[in-house]
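I opened my notebook to log what I look up in this structure.

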Amino acid sequence: MRVIFALAFTGGPKSKDKMGASSGAILRASGLGRRGLLPWSPKLWHGGRVSGAPARKTATWSLEPAGRCGWDEPVRIAVRGLTPRQPVTLRASLRDEKGALFRAHARYEADAGGLLDLARAPALGGSFVGLEPMGLFWALEPEKPLVRLVKRDVQTPFAVELEVVDGHEPDAGRVLGRTVHERDFLGPGVRREPVRAGRVRAALFLPPEPGPFPGIVDIYGVGSGLLEHRASLLAGKGFAVMALAYHNYEDLPKGLEILHLEYFEEAVNYLLDHPQVKGPGVGLLGSSKGGDLCLSMASFLKGITATVLINGSVANVGGALHYKDEILPPVGLDPNRVRLTKDGLADIVDVLNSPLEGADQKSFIPVERAESAFLFLVGQDDHNWKSEFYANEASKRLQAHGRKKPKIICYPETGHYIEPPYFPLCRASLHTLVGGPVIWGGEPRAHAMAQVDAWKQLQTFFHKHLEGKSYGDSPESIAHYLKVRRVRPTYASSNS
């Protein structure tokens, strides 16, 4: 089954501001943080109320749920105590663990009662426009160029400072109220266990007891070291998830010249043998280079029941992959096919050779050996490589060998880094293998909506194939999950 996820937009106020910065704005670091954003105090205010001048009432933030919530959870935001029809600007800011600043802003108007409810009031302009209850989060942009928002320590939350300012920027006045909203990555009762077993370097996240739970191995792309935020959030949904490092971490190899599949087999066996993990098989979740590694694991290893690939390759990429007496060579590449954008960023989407031609056919992962069910989540504007082409070729190979047709979901205007919900789009950043900045593709709003849907889809897939539970994947159930007005997911099947 192949599915196209289309986002239909209806109406909404017009704005001269674009949905997000252009790639040129990304490089103009001096202007990126100032596009309609006046500097404000970096001090975080932990109250929801700030006293104002006598001429104005105090504005109070209202967030539901109150207190901390998971990063992947929507929050209902309102501002109370405004004057009727008062024009205001809302601003959000976040500093990552390295101190990099991310900002977003939007212009609004309070209702006749002085209430501003983001679930009902459309943004009139700014970082986004229209009815976007979570826009202040997914529209965050880095102050400096080429920075991707990443959470390294999942045991601490991200703190998002929210401000309401009188008037519409750039002519806005004083700050009427501030609050700090903390968004967690380790849900209530979720346990983190560091793993140093044999050669395996990982972190295992377990849901609140009692178990056992369906197990998943989670693998990210090149240069990631050990990223845990997706695994920790997924553990809050009832899965035992192992975030697995495979290079550039502790005593693991720094490079990718040679990888041994036996290392990944050891990780799978560790998970299967864990008393809190129920079998008979486990799931795999991989994005980018982690995607082709998961595809190789499903093809060569036993005990793999369900595999989700997020913008993965059907060919082995980067370095030789060894397993017992077999070697998968890396697919070839031609640096002359790198294109430069007008801002000097590399577009590498055409760099890799086709795994269907010549000697590069040997790099094609033998997916026909796999006994796993497959779900391919594809960003159709992925500029890292041709993810949609790879998903379709994997489907053709599986069906040609009598295997079940995999499910493919394609998301228009969606880039390479499909993360859990409300992570902002990373337009461009440094690529470890390229050695310089590359574009990743995607448009902010479409990418944000795709992340919400993809998160639901992969959970439904794992519950179905690891537990035998079906939560439905009809357009109606997904639309209910999104809970975002003006977005109508539509699905079209094809034979590819």
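**Entry 1: a helix across strands.** Which helix lies across S16 and S19? I found helix H5, residues 261-273. H5 runs at about 60° to S19. I keep in mind that this model is predicted.

**Entry 2: confidence.** I checked the pLDDT next. The chain averages 87, and 83% of the residues score at least 70. Two stretches stay under 50. One is residues 7-55, for which the model has 118 contacts beyond four places in sequence. The other is residues 472-496, with 70 such contacts. Where pLDDT is low, the predicted coordinates should not be read in detail.

**Entry 3: the sheet under H5.** I went back to the strands that H5 lies across, S16 and S19. They belong to an open sheet of three strands, in the order S16-S19-S20, with mixed pairing. The edge strands are S16 (258-260) and S20 (326-328), and each pairs on one side only. From one strand to the next, the twist averages 25°. S16 and S19 (residues 320-323) pair in the parallel sense over three bridges.

**Entry 4: strand S15.** I asked which strands pair with S15, and in what sense. S13 (residues 200-206) pairs with S15 in the antiparallel sense over four bridges. S14 (residues 213-219) runs parallel to S15 and is joined to it by four bridges. Alanine 202 has leucine 244 of S15 as its bridge partner. For aspartate 218, the partner in S15 is alanine 243.

Is S15 enclosed or open? Five of the five residues of S15 (residues 240-244) are buried, so the strand is largely enclosed by the rest of the structure. Ala240, Met242 and Leu244 point one way, while Val241 and Ala243 point the other way.

**Entry 5: helix H6.** I turned to H6, residues 289-300. This helix has twelve residues and reaches 17 Å from its first C-alpha to its last, close to the expected 16 Å. Twelve of the twelve are buried, so H6 is largely enclosed by the rest of the structure. Among the buried residues are Lys289, Asp292 and Phe300.

Serine 288 sits in the loop between S17 (277-287) and H6. Its phi is near 60°, a positive value in a residue other than glycine. Serine 288 counts as buried because its relative accessible area is 13%, under the 20% cut-off.

Entry 6: Most residues other than glycine have a negative phi, and most peptide bonds are trans. I listed the exceptions I looked up.

- Leucine 146 has a positive phi, near 65°. It lies in the loop between S9 (141-142) and S10, and is partly exposed at 25% relative accessible area.
- Glutamate 64 and proline 65 are joined by a cis peptide bond, with omega about 5°. Proline 65 is in the loop between S2 (60-64) and S3.
- The bond from glutamate 169 to proline 170 is also cis, with omega near 10°. Proline 170 lies in the loop between S10 (158-166) and S11 (175-184).

**Entry 7: aspartate 72.** Which side chain does aspartate 72 join by a polar contact? I found tryptophan 455, at 2.9 Å. Aspartate 72 is in the loop between S3 (69-70) and S4 (76-80). With a relative accessible area of 7%, aspartate 72 is buried. Beyond four places in sequence, its contacts include Arg183, Lys237 and Tyr422.

Conventions: Residues are numbered from 1 along each chain as its sequence is written. This is a predicted model: local features need pLDDT of at least 70, side-chain atom pairs count only at pLDDT 80 or more; totals for chains, interfaces and linings use all residues. Side-chain values use heavy atoms; hydrogens and water are left out. pLDDT is the predictor's confidence in each residue, from 0 to 100. Contact means heavy atoms within 4.5 Å. Helices (H or I, at least four residues) and strands (E, at least two) are DSSP runs, numbered from the N terminus. Buried means under 20% relative accessible area, exposed over 50%, partly exposed in between (1.4 Å probe, protein chains only). A polar contact is a pair of N or O atoms within 3.5 Å; within protein, one must be able to donate a hydrogen and the other to accept it, and residues adjacent in sequence count only if both atoms are side-chain atoms. Two strands pair if DSSP finds at least two bridges between them. Axes are lines fitted to C-alpha atoms, for helices over the stretch in contact, and angles run from 0 to 180 degrees between N-to-C directions. The expected span of a helix is 1.5 Å times one less than its number of residues.
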